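Open the model in your viewer and keep the selection panel at hand.

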Amino acid sequence: MPKNTIKDVAAREILDSRGEPTVEVTLTTSSGVTATASVPAGASTGVHEAYELRDGDKKRYDGKGVLKAVANVIGEIRQGVVGRDVEDQPGLDTALRELDGTSNKHRLGANAILGVSLATAQTAAKATGLPLYRYLQEKFNLPKISPHLPQPLMNILNGGRHANSGLDVQEFMIVPHVATNNDASPVAAWVRVGSEVFHALGRVLKKKNMDTDVGNEGGYAPQLKSNSEALDLLIKAITEAGYKPGTDVSLALDVAASEFFRHGHYQFEGKEYSSGDMVKVYQSWLKDYPLISIEDGLAQDDWRGWQELTQSLGQKLMLVGDDLFVTNEDRLKLGFEFGAANAILIKPNQIGTLSETISAVRLAQSHGYKVVVSHRSGETMDTTIADLAVAVGAPYLKAGAPSRGERVAKYNRLMDIAQELAK
Ligand code: PGA
Ligand code: ZN
């Protein structure tokens, strides 16, 4: 008999950082251990993502309510998982998948399923007295926790669907590399430098009389004429903060190109571009700016384009597939066949269970693809992704700007972990 079985599962509708409803789940074990987890939500979601169940009742939350998903958790899912060993995460995730019975979690909702999956891991970690990253590493037989913790990819200038900046590129990110002996840990240094550059960008914008309000992921969202203007502002902010672009702080982009791909063309900066034209844009940016990574440089089903992009820039840049792979092993395998991308963005809610998420990470790593663990644009205070990034040895954690509670919660958790590991 397992000593800690699931005794109860509760769920509720809460608000995410955009003020839209999402699912929160609380699990309780037979020995009285309890933990809560909540589910994030995207705005620029890929078409191949697992299904997010929303009520569609226009009278509530403009149709975005999640009462059906909540009802599925406290009804069918609760019935299916009560009595299970809370420490059998793989078994529980398989049971959840089977209970749903569809290929994309359409019946019960990936948001309902992920809430239970995450709450189970949180509760089990607590029950075993281990920090979550350690529990996951042991449970899934992952390699020893690396002392090199994930580097933050910080989105300090928001475009695309996350803001009204008029920019096609969705995320302009900084990647701090520097640390001093005064910093508590390399992670603490990266967070500090990221924050200093973020605030320097605020001063640069203010001086130019530009808007200093922030977008969905906590980054600034000024009205700009071109994407290269945004890149220039980032360089200025890095310099203004006293750092050397490229040496101390690099740049990364999430183009989210599926969002402006229409009828076989990229509608980019007011013109119609082919995949090849987009590749040329990236080549020229790479000459002018210290870029180390481009995510979703092309659209989610433009496999031939991705092949060309990877052949052309894959040796020089990390090319991350987000909408392209949607944390889905079948999509990732297609990527291997095409030679598309060399890194994968990992978002648990794109696939719906923690076990499938970790399995996708392993598949990527076994093929030499880098792993970037990521938040969503609609977030909560849940910090599971920081632990997950550490557990799987991801080189990067992408959690937005170093600003706004739901973003900094992840970076703060990463600093906690760094301190704990340094003991
Ligand atoms: P999303 O954006 O959460 O709105 O999908 C994040 C991303 O595209 O990486
Ligand atoms: Zn993305």
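The tour goes from the ligand to its contacts, then to the cavities.

This is a predicted model: local features need pLDDT of at least 70, side-chain atom pairs need 80 or more, and totals for chains, interfaces and linings use all residues. Residues count from 1 along each chain as its sequence is written, chains are lettered from A and ligands numbered from 1 in the order written, and side-chain values use heavy atoms, without hydrogens or water.

**Stop 1: the shell.** Select ligand 1 and the 15 residues around it (a heavy atom within 4 Å). Ala-43, His-162, Arg-376, Ser-377 and Lys-398 come nearest. Color by class: 2 nonpolar, 5 polar and 8 charged residues (charged means Asp, Glu, Lys and Arg; nonpolar means Ala, Val, Leu, Ile, Met, Phe, Trp, Tyr, Cys and Pro; the others, Gly among them, are polar).

**Stop 2: the domains.** Color 6-129 as domain 1 and 151-422 as domain 2. Both give residues to the shell, so ligand 1 lies between them. The bounds come from an automatic or database assignment.

**Stop 3: the contacts.** Show N or O pairs within 3.5 Å.
- Ala-43, backbone N or O: 2.6 Å
- Lys-398, side-chain N or O: 2.8 Å
- Asp-322, polar side-chain atom: 3.1 Å

The protein covers 99% of the 270 Å² of accessible area that ligand 1 has on its own (Shrake-Rupley, 1.4 Å probe).

**Stop 4: the largest cavity.** The structure holds 2 cavities of 30 Å³ or more (sets of points on a 1 Å grid over the protein atoms alone, where a 1.4 Å probe fits but cannot get out; lining residues have an atom within 4 Å of a point). The largest has about 130 Å³ of space. Select Pro-40, Leu-118, Pro-348, Glu-379 and Ile-385, the closest to its centre among 16 lining residues.

Conventions:
A polar contact is a pair of N or O atoms within 3.5 Å; within protein, one must be able to donate a hydrogen and the other to accept it, and residues adjacent in sequence count only if both atoms are side-chain atoms. On a 1 Å grid over the protein atoms alone, a cavity is a set of points where a 1.4 Å probe fits but cannot get out, and a pocket is an open set with protein on both sides within 12 Å along at least five of seven lines; lining residues have an atom within 4 Å of a point. Grid points are joined across faces, edges and corners, and a volume is the space filled by probe spheres set on the points.
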